[in-house]
Structure formats: structure tokens, C-alpha cells
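The sequence and model come first.

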Amino acid sequence: MQSQPCDLNEVRRAAEILVNAKHAIAFTGAGISTESGIPDFRGPQGLWRQYSPEIATTEYFHSHPKEFWAFYRVRLSSIFIAKPNRAHLALAELEGMGIIKAVITQNVDGLHQAAGSKNVIELHGTMKRARCIVCGREYPMDIVIRKIDSGQLPPLCDDCGGILKPDVVLFGEPVKDFDKAQELAMRSDAVLVIGSSLTVYPAAYIPIFVKEMGGKVIIINMEPTELDYLADVVIRCRAGDAMTALLSMVKELLNRGG
Ligand code: APR
């Protein structure tokens, strides 16, 4: 998908908001990881254009564990080889500079931590490990992949034979650490939203909380989102380009004394 150039006036306005904020956070979605080769869900090549979202529900996991894991094995092939991209790295650098205090992410790919982000809340869990639904034994995902690739579908627990479940939050399950994320958002005066369609709740409440508390909302997305109407700044271009330009603009403002 051809991306338009970033509007540098909007990038500058976003940089001014971040430099002047007392407690800015980031909120990210699958769109920050597409430049790392991981498909998103609702973009032009999104997963929900090939598969029904029903495949990521708890009901489907329990009724069709084999087909569930066949889908997740496809997802794991891109997640396992993915490396952080410019957007992840720029966000980690902004955290290191004290500009961004935390990252609240819907992503399960672990790329924020791999890029060096320290304070990360994974609302939708992680693909790094799986757990037996009977005895609770934990398995690193590379072991699970080996089980599947040797023909064990669905993958089973070595101890009790129970079915393994990835540590991701499926539709129908409560998100993780939402109280912590909400508390963080309620005391933030700016949120940088990167690569989310802002269509899934309760995660999409995070930028709404910041706005309701009088904070500023910056949205980086190649396409319109459901919450563009409440954004103070919308940067309509690729996350990698936007975050690279934003990082250098923040540095320029800081060097000039904000
Ligand atoms: N740069 C900027 N924006 C991008 C890029 C990119 N390189 N690639 C994709 N996008 C945008 C898409 O236009 C889309 O608006 O990122 C957004 C991704 O939206 P979704 O695919 O809906 O992903 P997300 O918002 O994270 O979905 C939330 O839905 O299916 C569940 O649990 C899943 O965590 C996921 C949740």
C-alpha cells in the first residue's frame, strides 16, 4: 500500500505536545508492527479479511482446538522472525529520554520490549508462551511450535496431556492489567496512539480517558480511525516515517529549549 508523506506541520505540533507534556504515554496497535512483517487485523491486508474473528474466541478455542492452533501457527510464523522496526525503536528512545512514560499495547508480539521499551503493559497478553488449561504448566512458545511442527495439533501438556493455550487474551476473556492501564491514562496529559483502528474495547478507552481528563490525543495511522474526531493531531502516514520524524523534531525542540 503506497503511503503518503507525513505532514511535517502535524509532526511538529505532536512534538510540541510531547515536549510540553508532564506525563505522556503511548497506546499501540497492530499497525505499529506491520513494517516488521506482522499482518494487522483490519488494514487492507488484515487477518480479519482472510479469517473470521470468531477464530480468536474462547468458544472456538474450546470447540476447535486443532483449527485454532493451525491459525495461531500461521500467525507465529511472522511473529517469531519479526524484529522491532523504526517506530518501535523511536518509541523506546522517547521513553529513554523521559518523554514517554509507558507503552500500553494491544500487541502480543513482544516487539516493544525487544526494541528497549521498559514500561510496557500488554493488555491482550503475549504470544511468548502458552499454558496447559488443565494443570497450568507453562511452555515457551518455541517448544510449542516444535510440538506442532512434529505433528502434535493441538499441542498437549507433557505432564497431564491437557491442551495448551497461548497467553493471549481471546475475545470473550477479560483484558490484562486494565486497572493499571486506566490509572496510568487518567494521570496522563498526552497519549500518542500508533497503528490502531481504535475499534476494540475496553482497550480503545485508553485515549478516551486521557481526553476526558483534559489531555491531548495524537493519532498516527495510515487510515482514518474511529476516534479521529477526538484527536488534537492526526498524522496520516506510515508509523515508521512518522515516529522517525517525530523523534528528530522532539530532539530539535529540546535542543532549542522546547
Ligand atoms: N503505519 C501506520 N498505520 C498502519 C500501518 C503502518 N505501517 N499498518 C497498519 N496501520 C493501521 C491500519 O490502517 C489500521 O487502522 O493500523 C491499524 C491497525 O488496526 P487493527 O488491525 O484493527 O489492529 P488493532 O487496532 O491493534 O486491533 C485491536 O483487535 O483483533 C483484535 O486482539 C486483536 O489486539 C487486536 C485488537
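The cover over the buried residues of α4 includes β1 (24–28), β2 (100–105), α5 (111–115), β7 (190–194) and α9 (239–255). Cover here rests on contact, meaning heavy atoms within 4.5 Å. Helices (H or I, at least four residues) and strands (E, at least two) are DSSP runs, numbered from the N terminus. Helix α4 itself spans residues 86–96, and its buried residues are Ala87, His88, Ala90, Leu91, Ala92, Leu94 and Glu95. Buried means under 20% relative accessible area, exposed over 50%, and partly exposed in between (1.4 Å probe, protein chains only).

The model is predicted: local features need pLDDT of at least 70, side-chain atom pairs count only at pLDDT 80 or more, and totals for chains, interfaces and linings use all residues. Residues are numbered from 1 along each chain as its sequence is written, and side-chain values use heavy atoms, with hydrogens and water left out.

Both ends of α4 have a local feature. At its start, the backbone nitrogen of Ala87 has a side-chain oxygen of Asn85 within 2.7 Å. Just after the helix, Gly98 has a positive phi of about 85°.

The chain is divided into domain 1 (1–36 + 86–124 + 175–258) and domain 2 (39–81 + 127–168); these bounds come from an automatic or database domain assignment. Taken over C-alpha atoms, the domain centres are 28 Å apart. At the boundary, 13 residues of domain 1 are in contact with 12 residues of domain 2.

The size of an interface is often given as the accessible area lost when the parts come together. For domain 1 and domain 2 the buried area is about 920 Å², with 62% of it on carbon and sulfur atoms. This area is the accessible area (1.4 Å probe) that two parts lose on being put together, summed over both. The side of domain 1 that touches domain 2 has 4 nonpolar, 6 polar and 3 charged residues. In this classing, Ala, Val, Leu, Ile, Met, Phe, Trp, Tyr, Cys and Pro count as nonpolar, Asp, Glu, Lys and Arg as charged, and the others, Gly among them, as polar.

How many salt bridges does the rule find across this interface? It finds 0, where a salt bridge is a side-chain nitrogen of Lys or Arg within 4 Å of a carboxyl oxygen of Asp or Glu. The rule finds 1 residue pair in polar contact across the interface, both at pLDDT 80 or more. A polar contact is a pair of N or O atoms within 3.5 Å; within protein, one must be able to donate a hydrogen and the other to accept it, and residues adjacent in sequence count only if both atoms are side-chain atoms.

Lys147 lies in helix α6 (residues 141–149) and is buried, with a relative accessible area of 10%. Beyond its neighbours within four places in sequence, Lys147 contacts Tyr139, Gln152, Pro155, Leu156, Asp158 and Leu164.

Most residues other than glycine have a negative phi, and most peptide bonds are trans.

| Site | Backbone value | Loop |
|---|---|---|
| Leu153 to Pro154 | cis, omega near 0° | Pro154: between α6 and β6 (164–168) |
| Tyr201 to Pro202 | cis, omega about 5° | Pro202: between β7 and α8 (205–212) |
| Asp177 | positive phi, about 55° | between β6 and α7 (178–186) |
| Leu198 | positive phi, about 55° | between β7 and α8 |

Asp177 is partly exposed at 44% relative accessibility, whereas Leu198 is buried at 1%.
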